[in-house]
Amino acid sequence: MPATGGEKDMALAAYYRLKRGVAAGSLGVAAVVALLLVPFAWYAGLALFIGTVCGIANMLAIMRGSERLLETRSTVFFGLSSLLRLAGFSIVAAALAVRGPWWSLGPFLAGFFIPLAAYAWGALRVFRRKP
């Protein structure tokens, strides 16, 4: 059964709420964990925090790209923007690993994927359809 206008509006409002909540929550958790890491391995804390900021930017860019794909149906633009986004964030990760210890890539990647995992988990809870 197709969704009604009211159901679509409620789902869209939940989508925007979840998007903001995941971004803020991920940033807060990363800041706390990064600060806890400072006395032991300050560079790991920095890499984790930078990775989370990049992960949030990536998550929001993916969402905006998907919204634009639905509006314009331009798969070429969507593909090119995805490649450019991945290249940009890969450069940030490589710069951290080259500038600091090689293992800083691990905390960066952990931070990078925290927002995406949090959004997937939140979307599963919010948008799960009940039979």
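Analyst: Helix H3 bends by about 30 degrees at Ile 114, and a proline, Pro 115, follows within four residues; the bend is the angle between axes fitted to the seven residues ending at a residue and the seven starting there, and helices are DSSP runs (H or I, at least four residues) numbered from the N terminus. This is a predicted model, in which local features need pLDDT of at least 70 and side-chain atom pairs count only at pLDDT 80 or more, while totals for chains, interfaces and linings use all residues. Residues are numbered from 1 along each chain as its sequence is written, and side-chain values use heavy atoms, with hydrogens and water left out.

User: What span should H3 have, and how far apart are its end C-alpha atoms?

Analyst: The 23 residues of H3 (residues 105-127) should span 33 Å at 1.5 Å a residue, and the end C-alpha atoms are 33 Å apart, which agrees; the expected span is 1.5 Å times one less than the number of residues.

User: And how far apart are the ends of H1?

Analyst: The end C-alpha atoms of H1, which has 68 residues, are only 21 Å apart, short of the 100 Å that a straight helix would reach. H1 also bends by about 150 degrees at Ala 41.

User: Back to H3: which helices do its buried residues pack against?

Analyst: They pack against helix H1 (5-72) and helix H2 (75-99), with contact meaning heavy atoms within 4.5 Å. Among the buried residues of H3 are Phe 108, Phe 112, Tyr 119 and Ala 123, where buried means under 20% relative accessible area with a 1.4 Å probe, protein chains only.

User: Which residues make up the largest nonpolar core?

Analyst: That core has nine residues in all, Tyr 15, Leu 18, Val 22, Ala 23, Ile 56, Met 59, Met 63, Tyr 119 and Ala 123; a nonpolar core is a set of buried Ala, Val, Leu, Ile, Met, Phe, Trp, Tyr and Cys residues joined through side-chain atoms within 4.5 Å. H1 gives the most to this core, with seven residues.

User: Where does Arg 125 lie?

Analyst: Arg 125 lies over the face of Trp 121, at 4.5 Å from the ring centre; the criterion is NZ of Lys or CZ of Arg within 6 Å of the ring centre and within 35 degrees of the ring normal.

Technical notes:
Helices (H or I, at least four residues) and strands (E, at least two) are DSSP runs, numbered from the N terminus. Buried means under 20% relative accessible area, exposed over 50%, partly exposed in between (1.4 Å probe, protein chains only).
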